[in-house]
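Please walk me through this model, starting from a single side chain and moving on to the sheet, the charged pairs and the rings.

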Amino acid sequence: MTDPTTDNAGQSGDADTARTALEALRAEIAKAVVGQDPAVTGLVVALLCRGHVLLEGVPGVAKTLLVRALASALELDTKRVQFTPDLMPSDVTGSLVYDTRSAEFSFQPGPVFTNLLLADEINRTPPKTQSSLLEAMEERQVTVDGTPRPLPEPFLVAATQNPVEYEGTYPLPEAQLDRFLLKLTIPLPSRQNEIDVLTRHASGFDPRDLRAAGVRPVAGPADLEAARAAVAKTTVSPEITAYVVDICRATRESPSLTLGVSPRGATALLATSRAWAWLTGRDYVIPDDVKALALPTLRHRVQLRPEAEMEGVTADSVINAILAHVPVPR
């Protein structure tokens with residue numbers, strides 16, 4: 001009979017190895033992408049929580065390169081779809097194609113059948129095509145002609161949108177925004193980071209050739225599985241659970257918001273806080289973990305009143321004010 005203490009020690013070792021491997025992602029991705037550590041961390045948190053990410057930033061801040069570098073460092077398959085007004089749902093999910101040789105219909109998988117799907121400028125395609133991603137994101141499968149087809153594991157949708165040039169776009173409805181675990185804002189680089197970017201390009205860096213840039217696999221699906229198992233065992237005290245609930249309930253009572261965080265959002269904040277706690281080396285959640293993940297987890301789940309928006313209030317400022325006022329458990 002196996003000694004249970006040996007099993008636990010092995011599981012702990014696997015978790016420690018996985019944490020070390022995932023921590024190495026930042027350094028590996030930094031070989032291709034400069035100064036985007038928070039976004040890298042957010043993507044890893046989403047993978048640990050089996051969630052999806054909305055990336056928002058102006059064109060040219062390396063959103064696509066970031067996802068490609070992450071896939072390369074994790075040795076995962078990745079595909080990119082440029083969302084346009086004429087894109088059809090079948091262009092994303094796949095369709096039945098008639099084979100003249102066999103005189104039968106066969107399923108041709110769409111780009112959604114991958115590990116990391118980059119949905120570029122998702123707000124430039126009509127709602128029908130946007131919603132085609134919903135089943136894939138939530139159920140991790142695609143149903144064509146009544147037949148469900150499971151997606152690969154792990155599976156993450158990283159959708160990008162441009163915070164400017166709203167003309168001709170189709171803003172994501174609240175119900176679909178709520179499907180994204182995190183909304184990460186990709187800022188313009190600092191002066192020094194921009195100098196580093198240009199220096200790399202002057203030295204021959206080619207963003208299309210990550211191997212030449214030195215990006216190598218430092219973790220893989222097995223590490224993600226071990227990490228997910230460890231995150232699931234991360235302890236959450238009743239006080240922390242109540243703290244998460246109080247933060248989310250406060251958004252529903254804020255005079256600056258017409259829409260507060262739903263219970264799904266509270267569940268998401270709890271999940272991301274656990275993942276962050278584990279990544280930082282703890283097997284229990286503290287209030288600082290909740291505060292660290294509150295903005296990316298909640299900012300897209302609230303809706304500002306028009307008058308508040310006109311006064312320059314932002315979702316981030318409302319959430320920060322709530323974090324400052326909700327009592328922190330001791």
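**Cysteines, sheet, charges and rings**

Cys-248 is buried, with a relative accessible area of 0%; buried means under 20% relative accessible area, exposed over 50%, and partly exposed in between, using a 1.4 Å probe and protein chains only. The model is predicted, so local features need pLDDT of at least 70 and side-chain atom pairs count only at pLDDT 80 or more, while totals for chains, interfaces and linings use all residues. Residues are numbered from 1 along each chain as its sequence is written, and side-chain values use heavy atoms, with hydrogens and water left out.

The structure holds zero disulfides, a disulfide being a pair of cysteine sulfur atoms within 2.5 Å. For Cys-248, the closest cysteine sulfur is that of Cys-49, and at 14 Å it is too far for a bond. From the side of Cys-49, the closest cysteine sulfur is in Cys-248.

Next comes the sheet. Strands of a sheet pair through backbone hydrogen bonds, either parallel or antiparallel. Here an open sheet of five strands runs in the order β2-β5-β8-β1-β9, with parallel pairing. The edge strands, each pairing on one side only, are β2 (78–82) and β9. On average, neighbouring strands of this sheet are turned by 20° against each other, direction ignored. Strands (E, at least two residues) and helices (H or I, at least four) are DSSP runs numbered from the N terminus, and two strands pair if DSSP finds at least two bridges between them. The angles, from 0 to 180 degrees, are taken between N-to-C directions of lines fitted to C-alpha atoms, for helices over the stretch in contact.

Within this sheet, β1 and β9 run parallel and are joined by four bridges. Glu-56 stands opposite Thr-185 in β9.

Side chains of opposite charge can pair when their charged atoms come close. A salt bridge is counted when a side-chain nitrogen of Lys or Arg is within 4 Å of a carboxyl oxygen of Asp or Glu, and the count comes to 15 salt bridges. One of them joins Glu-56 to Lys-183, with the closest N and O atoms 3.4 Å apart. Glu-56 lies in β1 (residues 53–56) and Lys-183 in β9 (residues 182–185), so the pair ties together parts that are 127 residues apart in sequence. Glu-56 is buried at 15% relative accessible area, and Lys-183 also counts as buried at 15%.

Another salt bridge is formed by Arg-228 and Glu-153, at 2.6 Å from N to O. Arg-228 sits in helix α8 (residues 221–232) and Glu-153 in the loop between β7 (147–150) and β8 (156–161), 75 residues apart. Arg-228 counts as buried at 10%, whereas Glu-153 is partly exposed at 36%. Both belong to a network of salt bridges that links Arg-50, Glu-153, Glu-225 and Arg-228.

Asp-289 and Arg-282 meet in a salt bridge of 2.8 Å, N to O, and both residues are buried. Arg-282 also lies over the face of Tyr-284, at 5.7 Å from the ring centre. A charge sits over a ring if NZ of Lys or CZ of Arg is within 6 Å of the ring centre and within 35 degrees of the ring normal. The charged end of Arg-149 likewise sits over a ring, that of Phe-107, 4.1 Å from its centre.

Which residue forms an aromatic pair with Phe-107? The partner is Phe-113, in an edge-to-face arrangement with 5.7 Å centre to centre and 70° between the planes. Rings of Phe, Tyr and Trp (its six-membered ring) pair if their centres lie within 6.5 Å; planes under 30 degrees apart count as stacked, over 60 as edge-to-face and the rest as tilted. Phe-107 is buried at 18%, and Phe-113 is buried at 16%.
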